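Hello,

Here is the structure I promised you. Please open it, then read my notes below.

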Amino acid sequence: MTAPSPLEAAAGAQAGGRDGDPAILADALAKTFRPPGDVRDLLRGRLFAPPVQALASVSFTVGQGEIVCVMGPNGAGKSTLLRILAGILTPTTGTARVAGLDVAAGDITYRRRVAFVLGDERSFLWRLSGRENLHFFAALHGLTARAGRHRAAALLERVGLAEAADRTFKEYSRGMRQRLAVARGLLGEPDVLLLDEPTLGLDPKGAVELRRFLRREMVQAAGRTALVASNDPAEVRALADRVLFLEAGRLRGETTPDRLEAELGLEAARG
């Protein structure tokens with residue numbers, strides 16, 4: 001497993017995706033956090049703890065229509081990377097463009113075209129129904145009440161929640177909550193999906209069904225692009241066209257799903 005150069009990564013993405021400009025372009029992205037100091041730091045006259053480098057000069061591209069998974073140990077920088085590409089975090093250095101837009105934009109147009117879906121979603125309003133939650137977030141997207149109702153109804157049908165649309169969110173199972181999170185991510189009809197551990201905590205059957213739904217319906221059938229952070233080899237094999245490996249904030253290499261077990265040493269472990 002060898003780390004690709006930015007040019008090699010770009011070539012690989014263009015080969016795997018559709019013709020045209022890449023859907024995601026990351027150029028030397030780096031992120032350093034300055035966590036607040038603890039008591040020991042304060043006693044030494046420091047307000048902050050030593051800086052933590054979450055990403056270091058990460059460069060890659062994702063072709064249009066491609067599904068790329070990012071793997072790496074906890075703390076490798078996967079979630080930080082996705083949050084930068086979602087426009088939630090500002091990189092310390094480097095630049096990125098998603099769906100042709102600079103991540104620094106962070107405006108309503110960017111949020112509509114680039115959707116960020118978490119596997120451990122806690123921002124829904126528990127006392128509202130699934131339908132009412134989508135109406136609320138549709139308004140935040142700038143949709144009119146009428147457009148929001150129409151869009152919410154169509155998405156609830158599409159993700160298989162039409163019959164449960166008027167049940168409160170707190171009554172939803174984990175799988176239903178994940179499907180509602182996907183529906184919310186699609187409110188703005190995005191071109192790019194950023195998925196952070198999309199099947200986290202689901203039972204095996206629910207995970208298989210959601211992966212199939214994401215790949216076939218949400219990405220391939222709609223012509224979207226997806227970048228998925230996951231450490232589940234089964235999930236990566238089911239979703240990915242390519243796999244990138246992050247370690248200690250650096251891009252260490254890439255492979256294809258059929259080579260995943262060999263690269264991770266799982267074949268030798270089974271033997």
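Which backbone nitrogen does a side-chain oxygen of Asp 203 reach at the start of H8? The nitrogen of Lys 205, to within 3.1 Å. A polar contact is a pair of N or O atoms within 3.5 Å; within protein, one must be able to donate a hydrogen and the other to accept it, and residues adjacent in sequence count only if both atoms are side-chain atoms.

This is a predicted model: local features need pLDDT of at least 70, side-chain atom pairs count only at pLDDT 80 or more, and totals for chains, interfaces and linings use all residues. Residues are numbered from 1 along each chain as its sequence is written, and side-chain values use heavy atoms, without hydrogens and water.

Now the helix. H8 covers residues 204-220.

Several H8 residues are buried, including Gly 206, Leu 210 and Leu 214. Buried means under 20% relative accessible area (1.4 Å probe, protein chains only). Their cover includes helix H6 (145-158) and strand S7 (192-196). Contact here means heavy atoms within 4.5 Å.

Then the sheet. Five bridges join S7 to S8, and the two run parallel. Two strands pair if DSSP finds at least two bridges between them. Asp 196 has Ala 229 in S8 as its bridge partner.

Best wishes

Technical notes: Helices (H or I, at least four residues) and strands (E, at least two) are DSSP runs, numbered from the N terminus. The expected span of a helix is 1.5 Å times one less than its number of residues. Buried means under 20% relative accessible area, exposed over 50%, partly exposed in between (1.4 Å probe, protein chains only).
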